[in-house]
Amino acid sequence: MSHTGFETAGGPDWRALFEGAPGLFLALTPNLHIVAVSQAYLDATMTRREAIVGRGIFDVFPDNPGDPGATGVANLRASLQRVLATRRADTMAVQKYDIPRPDGGGFEERYWSPVNSPVLDAAGEVVFLVHRVEDVTEFVKLRRLERDHDRRATELQSRAGQMEVEILRRSQELQAANAALRHLQEQLEDRVRARTVELERAHAALRQSETQLRQAQKLEAVGRLAGGVAHDFNNLLTVILGYGTMLRDQMPATDSARRDFDEVVLAAERASRLTGQLLAFSRQQVLEPRVLDLNAVLAELDGMLRRLIGEDIDLVTAATDGLWRVKADPGQLEQVVVNLAVNARDAMPTGGKLTLETANVTLDEHYAHAHAEVRPGEYVMFAVSDTGTGIPPELRSRLFEPFFTTKERGRGTGLGLSTIHGIVKQSEGHIEVYSELGRGTTFKVYLPRVRDSLDATPRQPPPDQEAVLRGSETILVVEDEDAIRRVVRKALEQRGYTVLEAADGAQGLNLLQQGATTLDLLIADVVMPHMGGAELVRHVERDRPDLPVLFVSGYTDRALVHQGWRRPGTAFLQKPFTLEALAGKVRQLLDAAPSRSRSAR
C-alpha cells in the first residue's frame, strides 16, 4: 500500500509506527477518507481496522439519530475544512460525539477533545489530515455529577433556611399563646385562691401536664425537621458511598490514592451513623421487632458492658424472675442499654457502681394522668442507675433534645439520649429520669407487655463473600434520584445482573405493563413523585404476587413500617447503604424467591 504515502522503501515502517502509537489517531485523505488508524483509536471507538479503512469518516461515524441536537458531524466537518483551507492545525472544543455500538444496539454517549493537523508535501499542499482525539467522557460525567451535587447542596441550604424561618414564626406564635395562657391563668388563680387544697393540687397537676405536652410537641416538631434533613443527606451519602467504594476498589492496593478514597468512605459511613441517630430520634427508622426476654438481652450484653465501663466501675444486675415479654427491635434495644451505660460511665470519672434492674410494673390511671403520653397498662421496666455526679434540675427537661449535651466539647454529639428517646417512643414505650446532684441518676424505660411466644429466630448476618453476591437475574430499579439510580445500576451490572430503570412508580408500572415479564426483583424507593414504592407494589401484586421487592429510602412512613413491607418476599434497606449491603439484600431476596421466576445464577 505504498500509494498511501505511509511506506518508504528501505526506511522505517511508518504505517506500523502510526498504528502502534499510544494515542488515538486517524489519517485522512483530503476528501476525508480514512487511510490509517491507530490501535488505540480502534479500541476507544469499538471498531475494526478492516471495517473502516478506505471509508469516509462520516460514513463510519455518523451523528446519533436518537439525539436531535447532535452537532458532532457538523463541527468536525467544519474543523477539517478549516485545516484544508488554512493548512494549519485546528484545536476543537470538547465535543459530544456519540459512537455506534458494534452489535447494532444503538449509540454510546461519548465526549472527545479533538485536534486536526495537516500533513503537507514539498509543495506545501495538504496530502493527509491527522485527526487526534482524547476520550474525556468520564471527566465530563464527573463534572456533571459535581454540578448536580452542588445544585442539590444549594437547594438543601435554601430549604434549611425556609425551615428556620418557619420554626421562628411558630416559636413566636407559641410564645404569644403562652403569654395569653399565663394571663388567663393569673385571672383564674385570683378567683380560686380560696378553694380547697385538693383543687390546688389538681391545678398543679394540670400545669405539669401542660409542660409535658409542650415539651412533647417541641420534640415532635424538631423530630420532623431532623428526619427531613436526614433523608436528604442520606440520598447524598448513598451516592458518595457508592461511587467512593467503586472508585476505591478499582485502584491497586499499593496506590496512595486508594487510601484517600478509604478516608472518603469512612467519613461517609460516620456521617451515615449521625443521620441514623437523627432518624431514630424522629422515629422514622425501620425497626424489626421480635418478642424478647429482656433478662436474656441484658445477660448477652454483660460481657461487653463490663469491658465498656472499665474495671473501676462495679456492674450489678438485679433481674426479676418471671419477667414478662416485650416486643422490640433487639439491635435497637441493645443500643438503648449501651448508650445509657456509656452515659453512666461518663458520670462516674473516678469509679462507682452501675446497676441494671428489671421488673414487671403496672402503670395506672393516676400515673398516666401525670404523664400525658403514657397509656395505662402492664409494662416491663428496666432501669440503669449510677452513683455519679447527677443532673441539675434545670437541665433535665432538655435531656432528650437533639444536640444537647452536658459533656465538654468534643466528647459527644448530643444525640445519644435523643436516639434513646426516639427508639423507646417508636417501640410504644416510655422513659423517665430521676437524679440527685452528688448522688446519681436513674433512667427507667417502660416497654408494653406482650403475651406472644418468644421469637427464637436468630438474626442472620449478611453474606460477606463476593462470590455469593453475584447473579444473572433481571432487576427493575425505580428511584427518583438520578444519581442514586445510576450508582445502583452500575453496581448491580458489575455483579452480572441485567438492570432496567425507571424514575418513578408510574414509569416503572408502565415498563412492567409493556412486557417486562422476565423480571426477577423490584427495587423501589418508598417516597417518589406521581407514585411511591408501596403503591407501585400494590399494582404489581395483581399479576406478580410472588415478585420479590426491596424497598429503599432515607426514611419511611409508619404505614410502610407496620404494613407495606411486612409481606413475604419483601425487605427494606435504609439509605445510605453500602454497595455490599445492597448486593447482599438482593441476593438474599432472589435466593428465597420461587424458582420459576428466577434466572440461573
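**The whole chain**

Keep in mind as you go that this is a predicted model. The chain has 601 residues, and 43% of them count as buried.

**Stop 1: a loop residue, L32**

Select L32, which sits in the loop between β1 (24-28) and β2 (34-37). Most residues other than glycine have a negative phi. L32 has a positive one, near 70°. Is L32 buried or exposed? Its relative accessible area is 8%, under the 20% cut-off, so L32 is buried.

**Stop 2: another loop residue, M46**

Now move along to M46, in the loop between α2 (39-45) and α3 (49-52). M46 is not a glycine, yet its phi is positive, at about 60°. With 27% relative accessibility, M46 counts as partly exposed.

**Stop 3: helices α9 and α10**

Next, select residues 294-309 for helix α9 and residues 330-346 for helix α10. Two packed helices are described by the angle between their axes and the distance between the axes. Here the angle is about 40° and the axes are 10 Å apart, which means that α9 is oblique to α10. The two helices make a right-handed crossing.

Show the side chains to see who takes part. On the α9 side, look for L294, V297, L298, E300, L301, M304, L305, L308 and I309. On the α10 side, the partners are L333, E334, V337, V338, A341, V342 and R345. What classes of residue make up this contact? There are 13 nonpolar residues and three charged ones, with no polar residues.

**Stop 4: an aromatic pair**

The structure holds three aromatic pairs; for one of them, select Y367 and Y446. A pair of aromatic rings is described by the distance of the centres and the angle of the planes. The ring centres of Y367 and Y446 are 6.2 Å apart and the planes meet at 55°, so this pair is tilted. Where in the chain do the two partners come from? Y367 belongs to helix α11 (residues 365-370) and Y446 to strand β15 (residues 440-450), so the pair links distant parts of the chain, 79 residues apart. Both Y367 and Y446 are buried.

**Stop 5: a strand residue, T474**

Select T474, in strand β16 (residues 474-478). T474 is buried, with a relative accessible area of 14%. Leaving aside neighbours within four places in sequence, which residues does T474 touch? Its contacts are T498, L500, T518, L519, D520 and L521.

**Stop 6: helices α15 and α16**

Finish with helix α15 (residues 505-513) and helix α16 (residues 533-540). They pack at an angle of about 20°, and their axes are 9 Å apart. That angle makes α15 roughly parallel to α16. As α15 passes α16, the crossing is right-handed.

To display the contact, pick G505, G508, L509 and L512 from α15, then L536, H539 and V540 from α16. Sorted by class, the contact has four nonpolar residues, three polar ones and no charged ones.

Terms used:
Residues are numbered from 1 along each chain as its sequence is written. This is a predicted model: local features need pLDDT of at least 70, side-chain atom pairs count only at pLDDT 80 or more; totals for chains, interfaces and linings use all residues. Side-chain values use heavy atoms; hydrogens and water are left out. Axes are lines fitted to C-alpha atoms, for helices over the stretch in contact, and angles run from 0 to 180 degrees between N-to-C directions. Helices (H or I, at least four residues) and strands (E, at least two) are DSSP runs, numbered from the N terminus. Angles under 35 degrees count as roughly parallel, over 145 as roughly antiparallel, 65 to 115 as roughly perpendicular and the rest as oblique. A crossing is left-handed if the near helix is turned anticlockwise from the far one by less than a right angle, and right-handed if clockwise. Contact means heavy atoms within 4.5 Å. Ala, Val, Leu, Ile, Met, Phe, Trp, Tyr, Cys and Pro count as nonpolar, Asp, Glu, Lys and Arg as charged, and the others, Gly among them, as polar. Rings of Phe, Tyr and Trp (its six-membered ring) pair if their centres lie within 6.5 Å; planes under 30 degrees apart count as stacked, over 60 as edge-to-face and the rest as tilted. Buried means under 20% relative accessible area, exposed over 50%, partly exposed in between (1.4 Å probe, protein chains only).
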